[in-house]
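Please consider the structure shown below.

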Amino acid sequence: MGWKTLDEIEVRGRVVLVRVDINVPMEAGRVTDATRIEKIVPTIKDILAKGGKPVLLAHFGRPKGQVVPEMSLAPLVPELSRALGVPVQFAEDCIGGPAKRAVQALVPGEVLLLENTRFHPGEEKNDPALAASMAALGEVYVNDAFSAAHRAHASTEGVARILPAAAGRLMQAELKALEAALGSPQRPLVAVVGGAKVSTKLELLSNLVARVDHLVIGGGMANTFLVAQGVEVGRSLAEREMAETARAIIAQAAEKGCAIHLPVDVVVAQELVEGAESKVVPIAACPADAMILDAGPKTVAEVEHTFEICRTLIWNGPLGAFEIAPFDAATTAAAQKAAELTRAGKLVSIAGGGDTVAALHKAGVAEDFTYVSTAGGAFLEWMEGKELPGVAALMR
């Protein structure tokens with residue numbers, strides 16, 4: 001790999017600035033889902049075990065360069081202490097006197113959490129002066145926040161250019177998984193791309209058709225591709241103005257040898273509500289007054305067969321309106337097939353994006369995939385083939 005890991009950097013006796021993503025959901029000052037906190041535990045424990053002093057840099061919410069008391073990181077201290085099993089101290093700023101004094105007071109075996117980096121307007125502007133002030137607090141920098149790596153911010157990119165830098169364990173696992181999926185994958189390689197709109201995933205689709213062997217298109221964006229091929233989709237969600245773009249992507253795929261898979265049958269209903277009366281129809285028979293809300297059983301069988309003949313799967317986006325039954329059936333069935341093949345050692349499966357992660361949890365198979373990324377924007381930009389500033393700054 002082209003980036004350093006914790007194994008290649010000396011931390012003993014050193015103050016280690018660790019960029020983490022602990023932007024967790026909260027209610028009434030309490031953490032309601034500690035998943036992101038749990039994910040950083042291996043990195044922090046590793047640094048402590050090696051004799052380093054971890055000092056955490058993190059953002060919370062979107063304070064837009066202002067001090068917003070409700071977006072303070074202070075309420076996260078108890079949950080961090082519980083997850084890490086060590087005392088966690090807190091500094092009221094991420095630079096200057098309060099931060100310096102807190103770092104100096106830190107004793108071996110403790111962790112220090114600095115206040116929200118986004119309370120400073122220079123954070124999101126990647127201000128060199130702010131980055132230098134943060135860097136002055138430590139001797140080594142570790143980035144464990146892949147989910148923020150697509151942003152060139154002072155705490156994700158700026159500090160990494162000043163101090164000796166490495167990837168934390170979570171970042172390392174993420175990059176290793178992504179390299180296995182698109183860098184040097186076992187082939188054939190299939191990508192599943194779903195979601196509402198083609199317009200939001202144009203760069204993604206253009207990048208994928210040049211790099212994958214099979215592309216399964218689902219959700220509302222499949223309707224746009226069907227419209228582009230002259231299929232009537234009734235009242236379904238479709239970007240009719242994107243038809244020409246969809247045809248260009250189909251042509252690009254043909255030129256690159258990428259097989260595009262669109263629905264051959266669909267589940268239609270009059271309304272998108274729980275338990276709505278629905279029926280399966282061939283793709284050419286969508287009633288004018290109905291909406292396509294899921295892929296049909298023949299389409300699912302085709303998707304499952306594609307998974308069976310492939311060795312690597314990348315998944316971003318559901319095949320239907322998975323939040324509402326019965327329109328979760330196709331996504332759930334395909335996810336369970338991918339999980340089954342992964343457990344059998346026949347498929348490397350990488351998934352990411354908020355809706356995708358939610359769908360896999362709903363299907364009960366998130367733990368069975370090779371890797372599930374919780375990084376929404378960063379995962380998408382990586383799939384689009386873009387360089388991520390926070391990762392580029394860690395390169396040797």
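In helix H13 (residues 376-383), the buried residues are Ala-378, Phe-379, Glu-381, Trp-382 and Met-383, where buried means under 20% relative accessible area, exposed over 50% and partly exposed in between, with a 1.4 Å probe and protein chains only. The model is predicted, so that local features need pLDDT of at least 70 and side-chain atom pairs count only at pLDDT 80 or more, while totals for chains, interfaces and linings use all residues. Residues are numbered from 1 along each chain as its sequence is written, and side-chain values use heavy atoms, with hydrogens and water left out. Helices (H or I, at least four residues) and strands (E, at least two) are DSSP runs numbered from the N terminus.

- The cover over the buried residues of H13 includes helix H6 (169-183), helix H7 (202-209), E15, E16 and strand E17 (371-373); contact means heavy atoms within 4.5 Å.

**Packing of H6 with H13**

- Two packed helices are described by the angle between their axes and the distance between the axes.
- For H6 and H13 the angle is about 30 degrees and the axes are 11 Å apart; axes are lines fitted to C-alpha atoms, for helices over the stretch in contact, and angles run from 0 to 180 degrees between N-to-C directions.
- H6 is therefore roughly parallel to H13, given that angles under 35 degrees count as roughly parallel, over 145 as roughly antiparallel, 65 to 115 as roughly perpendicular and the rest as oblique.
- H6 and H13 cross in a right-handed sense, meaning that the near helix is turned clockwise from the far one by less than a right angle, anticlockwise being left-handed.
- Leu-178, Ala-181 and Leu-182 of H6 meet Phe-379, Trp-382 and Met-383 of H13.
- The contact of H6 with H13 comprises six nonpolar, no polar and no charged residues; Ala, Val, Leu, Ile, Met, Phe, Trp, Tyr, Cys and Pro count as nonpolar, Asp, Glu, Lys and Arg as charged, and the others, Gly among them, as polar.

**Packing of H1 with H2**

- The axes of helix H1 (residues 35-49) and helix H2 (residues 77-84) come within 9 Å, crossing at roughly 55 degrees.
- This angle makes H1 oblique to H2.
- H1 and H2 have a right-handed crossing.
- H1 contributes Ile-37, Glu-38, Ile-40, Val-41, Ile-44 and Lys-45 to the contact, and H2 contributes Glu-79, Leu-80, Arg-82, Ala-83 and Leu-84.
- Seven nonpolar, no polar and four charged residues form the contact of H1 with H2.

**Helix H11**

- The 15 residues of helix H11 (residues 329-343) reach 21 Å from first C-alpha to last, close to the expected 21 Å, which is 1.5 Å times one less than the number of residues.
- Among the buried residues of H11 are Ala-330, Thr-331, Lys-337 and Leu-341.
- The buried residues of H11 pack against strand E14 (291-295), helix H10 (297-309), strand E15 (312-316), strand E16 (348-352) and helix H12 (354-362).
- Gly-345 follows H11 and has a positive phi, near 75 degrees.

- Ala-166 lies in strand E8 (residues 165-167) and counts as buried because its relative accessibility is 0%.
- Ala-166 and Ile-9, 157 residues apart in sequence, are 7.1 Å apart in space, C-alpha to C-alpha.
- His-153 occupies the loop between strand E7 (140-143) and helix H5 (154-158) and counts as buried because its relative accessibility is 6%.
- Beyond its neighbours within four places in sequence, His-153 contacts Arg-118, Glu-123, Glu-124, Asn-126 and Gly-158.
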